[in-house]
Amino acid sequence: MPDPRARRGRWYSLTAVLLVCACAAVSGARSVDEIAEWAARASGTVLTAVGIRRHPLKWRRAPSRTTIGRVLAAVDGDALDRVIGTYLAGRNTGEADSGQRQVIAVDGKSLRGSARLSTGHRHLLSAVTHHQALTLAQAEVGAKTNETAHFRPLLEPLDLDGALVTFDALHSVKANVTWLVETKSAHYIAVIKRNQPTAYRQLAALPWPDVAVQHTASSTGHGRRESRSLKTCGIADELGGIAFPHARLALRVHRRRKQTGRRETRETVYAVTSLDAHQTTPANLATAVRGHWSIEALHHVRDVTFAEDASTLRTGTAPRAMAAFRNLAIGLLKSRGADNIAKT
């Protein structure tokens with residue numbers, strides 16, 4: 001990591017300050033103030049382990065809130081996301097060990113508390129594994145409308161050979177999809193909901209009544225019962241080539257959800273994939289479509305457990321840096337088998 005500070009007056013190393021932030025985030029710190037409080041309570045053994053220098057008078061003091069805030073506001077956000085993504089990628093061994101295809105979801109998230117009257121909120125685009133919710137890459141894109149332009153730079157450093165990338169229709173730009181399949185040798189699933197009316201109508205017009213249900217699944221939890229059915233339909237070249245290059249199958253997922261004390265709700269979601277019937281199964285496709293929302297679950301943990309949207313941090317790179325440390329904490333705990341991040 002490059003150190004953005006001047007050499008004069010520098011007492012704490014950049015490594016020590018960032019390790020304090022990382023350890024505090026894993027311990028549940030939600031703000032710069034809580035990071036400083038964690039550091040102030042840390043024992044001398046812990047401070048030594050993270051690299052806090054000892055004063056000539058033999059005392060060892062944790063960095064203050066001001067010091068931590070200044071470092072986070074000035075640190076290189078791209079470099080921080082890159083090294084955290086590389087570290088978490090090294091722990092992403094679940095699919096490789098089981099022989100399954102790696103599945104990665106791409107989606108954006110706004111840091112709503114970072115907005116002010118004169119400036120909009122920060123917006124981050126992330127690539128997250130389905131299996132353990134490990135954030136492999138993250139980039140600040142300015143606004144949601146800029147996500148498309150950052151799709152390729154976000155995924156460029158990742159090894160996607162044979163992987164399956166899931167995303168919503170916002171990213172189904174012909175150039176991006178072609179690059180993903182032809183250059184990165186990856187496959188994709190583009191999830192289409194009603195907020196993309198043109199593509200939704202195009203897929204809904206396929207002869208679904210003539211197609212049999214190929215996979216069903218149900219689950220119960222959190223006070224609700226949910227059932228899902230999936231149909232697949234081959235796509236003609238002229239249909240797939242217009243909006244979705246290399247498309248081979250269209251998917252129709254119908255969900256029925258019944259929550260205690262409420263009426264049953266139904267939703268139909270369509271998707272397009274570059275996989276064909278010989279490369280996958282309906283069960284795997286259904287799992288991948290459902291797993292795409294794992295990135296939403298990660299964002300939910302950042303909002304609820306780490307109070308990300310409530311954070312009013314807005315100076316320099318600090319909002320993005322705090323999001324990166326939250327990704328690190330969640331990914332590290334998930335990779336060690338944690339089911340309940342708040343409790344862990």
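Strand 1 and strand 2 run antiparallel and are joined by 8 bridges. Strands here are DSSP runs of E with at least two residues, helices are runs of H or I with at least four, and both are numbered from the N terminus. Two strands count as a pair if DSSP finds at least two bridges between them. Keep in mind that this is a predicted model, where local features need pLDDT of at least 70 and side-chain atom pairs count only at pLDDT 80 or more, while totals for chains, interfaces and linings use all residues. Residues are numbered from 1 along each chain as its sequence is written, and side-chain values use heavy atoms, with hydrogens and water left out.

On its other pairing, strand 2 (residues 122–129) meets strand 3 in the antiparallel sense, over 5 bridges. Strand 2 and strand 3 make a hairpin with 5 residues between them, and A133 in that turn has a positive phi of about 55°.

| Residue | Partner | Strand of the partner |
|---|---|---|
| G108 | L125 | strand 2 |
| L125 | A139 | strand 3 |

Buried means under 20% relative accessible area, exposed means over 50%, and partly exposed lies in between (1.4 Å probe, protein chains only). Both faces are covered: R122, L124, S126 and V128 sit on one side, with H123, L125, A127 and T129 on the other.

Axes are lines fitted to C-alpha atoms (for helices, over the stretch in contact), and angles run from 0 to 180 degrees between N-to-C directions.

Helices pack on each other as well. Helix 1 (residues 14–26) and helix 2 (residues 32–41) meet at an angle of about 100°, with their axes 9 Å apart. That makes helix 1 roughly perpendicular to helix 2; the word covers 65 to 115 degrees, with under 35 being roughly parallel, over 145 roughly antiparallel and the rest oblique. V20, C21, C23 and A24 of helix 1 make the contact with I35, W38 and A39 of helix 2, where contact means heavy atoms within 4.5 Å.

Stepping back, the protein has 13 helices and 9 strands. Its radius of gyration is 22 Å, close to the 20 Å that the globule rule gives for 344 residues, so it is as compact as a globular protein of that length. That radius is taken over C-alpha atoms, and the rule is 2.2 Å times the number of residues to the power 0.38. Buried residues make up 49% of the 344.

Finally, a loop residue: N195 lies between strand 5 (187–192) and helix 9 (197–204). Is N195 buried or exposed? At 60% relative accessibility, N195 counts as exposed.
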